[in-house]
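Subject: Structure handover

Hello,

Please find the structure below. My notes come after it.

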Amino acid sequence: MIEYRSIRVALLGAGSVGSQVARLLLEQGDELANRIGARIELVGIAVRDVDAPRDVALPRELLTTDAESLILGADIVIELMGGLEPARTLILKAVSSGADVVSGNKALLATHGPELFAAAEQVGAQLSYEAAVGGAIPIIRPLRDSLAGDRIDRILGIVNGTTNFILDRMDTTGASLEDALATATELGYAEADPTADIGGYDAAQKAAILASLAFHTSVPVDRVHREGITGVTAAQVESAKRAGYVVKLLAICERLADPETGEEGVSARVYPAMVHRSHPLAAVHGANNAVFVEAAAAGPLMFYGAGAGGVQTASAVLGDLVAIARRHVLGGPGTAESTHAELPVLEIGRITTRYAITIEAADQPGVLATIAHVFADHGVSVGELEQTINDENGRATLVIGTHEARESALAETVAALADSPVVTSVASVIRVEGAE
Ligand SMILES: NC(=O)c1ccc[n+]([C@@H]2O[C@H](COP(=O)([O-])OP(=O)(O)OC[C@H]3O[C@@H](n4cnc5c(N)ncnc54)[C@H](O)[C@@H]3O)[C@@H](O)[C@H]2O)c1
Ligand SMILES: N[C@@H](CCO)C(=O)O
Ligand code: NA
């Protein structure tokens, strides 16, 4: 047996991910030591209550409620408590005491990322966070390392498993949002309070992290345009299906040049959108996640797999830990987060995409021409049109697909349609994403 030096690791939080990290560290100690060239010594696990019952048995002598003392003297701190505080303060303390940090805390990184990265850079510490987006799926490291020599143009991500499960269920069974959510809760996919998932907040945090990394620009979560799935109806999903599309909640990070000013900027946004069934993201079923990356030289790439789960996410945490530990063996500072580009973050009104608009209108001569004029007046070009007549009320339902249009022009078109005397109602507006 080779005598390795020890690297002291403190774990903060032993919930669904932390307890699996502890178990794997304890079970795989020898194997990890051989891979790293040093032994990982788990010096302690900070928990809220050392006597609380646990699904994973952990050595009692490692448990402590004193997280602050635990991090002093640790070489690497793994933060898996979640939430903004005390996680933020503890990570800052860890870094200032000379430790590297691994965290899966998307809420914290999307809110206080720049402060934490700056603190780490100041002392040459590493802050790694593969678990924060897409759970086990390698996406942070590919963006930061493998694609470091390429230019990322666009990312389309299905980064929330709960909402993907719900929308997939609506698509495959015709269920309403309420029924699909009830199934997700029953099967343990949705939290008791599903607001963060169905409101798009969780996906927006991940979009902020991905956009910051991909575009070397700090994109805080409050600059991410966010719409959740609460407005998605069974009728919308059915209509999308008839047209060959599926509705997905997408986190979109895009590099854009303003057509009028030529100014380059970035957009980060989350909303439900129609994706054509031929697009690889359409085949992402159940609670899986996938991140579709379009890079200038590499072309399209897709990263796919389990976006959540305690043991799966622990894999991402251990990957970061091993990478940092190897650096401890070799020496040298950590990789700083790059925000050198600092491109402007553009408002939603300045993006362009395609739209599908469902309109209820009178079934009378000239109605279609009037509606077509409203689109033309706002410079929005119509691509497809599907019309069905309801014999009972004598009204027409029109589903109009546009070509690429500016969001602000589309919003004005929709307002003008709603005001038009021939239009009974604008029943729904949904964006269409995933075009070349
Ligand atoms: N569960 C997943 O599938 C998943 C996936 C990706 C990322 N993450 C992220 O990983 C982190 C952990 O997630 P989780 O699912 O394990 O959460 P969890 O709620 O199961 O575990 C968090 C644990 O931290 C403990 N804790 C909180 N504050 C503490 C404090 N001040 N002192 C000591 N212990 C404290 C809690 O008691 C709890 O046991 C979160 O940031 C989460 O967003 C989780
Ligand atoms: N609530 C998240 C967990 C992973 O971040 C999801 O549904 O994907
Ligand atoms: Na990941």
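The notes cover the model, the sheet, an annotated site and a cavity.

This is a predicted model, in which local features need pLDDT of at least 70 and side-chain atom pairs count only at pLDDT 80 or more, while totals for chains, interfaces and linings use all residues. Residues are numbered from 1 along each chain as its sequence is written, chains are lettered from A and ligands numbered from 1 in the order in which they are written, and side-chain values use heavy atoms, with hydrogens and water left out.

The sheet

Six strands form an open sheet in the order 3-2-1-4-5-6, with parallel pairing. Helices (H or I, at least four residues) and strands (E, at least two) are DSSP runs, numbered from the N terminus; two strands pair if DSSP finds at least two bridges between them. Strand 3 (63-64) and strand 6 (127-128) are the edge strands, each pairing on one side only. Strand 5 (residues 100-103) is joined to strand 6 by two bridges in the parallel sense. Val101 has Leu127 of strand 6 as its bridge partner.

The annotated site

An unreviewed UniProt entry carries the annotation "binding site" for Leu12, Gly13, Ala14, Gly15, Ser16, Val17, Gly18 and Ser19. UniProt positions are in the numbering used here, feature names are shortened, and annotations may be inferred rather than shown by experiment.

Gly13 sits in the loop between strand 1 (6-12) and helix 1 (18-27), and Gly15 is in the loop between strand 1 and helix 1. Are these two glycines buried or exposed? Gly13 counts as buried because its relative accessibility is 10%, while Gly15, at 37%, is partly exposed. Buried means under 20% relative accessible area, exposed over 50%, and partly exposed in between (1.4 Å probe, protein chains only). Beyond its neighbours within four places in sequence, Gly13 is in contact (heavy atoms within 4.5 Å) with Gly18, Ile45, Ala46, Leu80 and Met81.

The cavity

A cavity is a set of points, on a 1 Å grid over the protein atoms alone, where a 1.4 Å probe fits but cannot get out; lining residues have an atom within 4 Å of a point. Grid points are joined across faces, edges and corners, and a volume is the space filled by probe spheres set on the points. There is one cavity of 30 Å³ or more, and the largest cavity has a volume of about 40 Å³. Its lining residues include Phe117, Glu121, Leu127 and Thr335. Helix 5 (residues 106-123) gives the largest share of this lining, three residues.

Regards

Technical notes: On a 1 Å grid over the protein atoms alone, a cavity is a set of points where a 1.4 Å probe fits but cannot get out, and a pocket is an open set with protein on both sides within 12 Å along at least five of seven lines; lining residues have an atom within 4 Å of a point.
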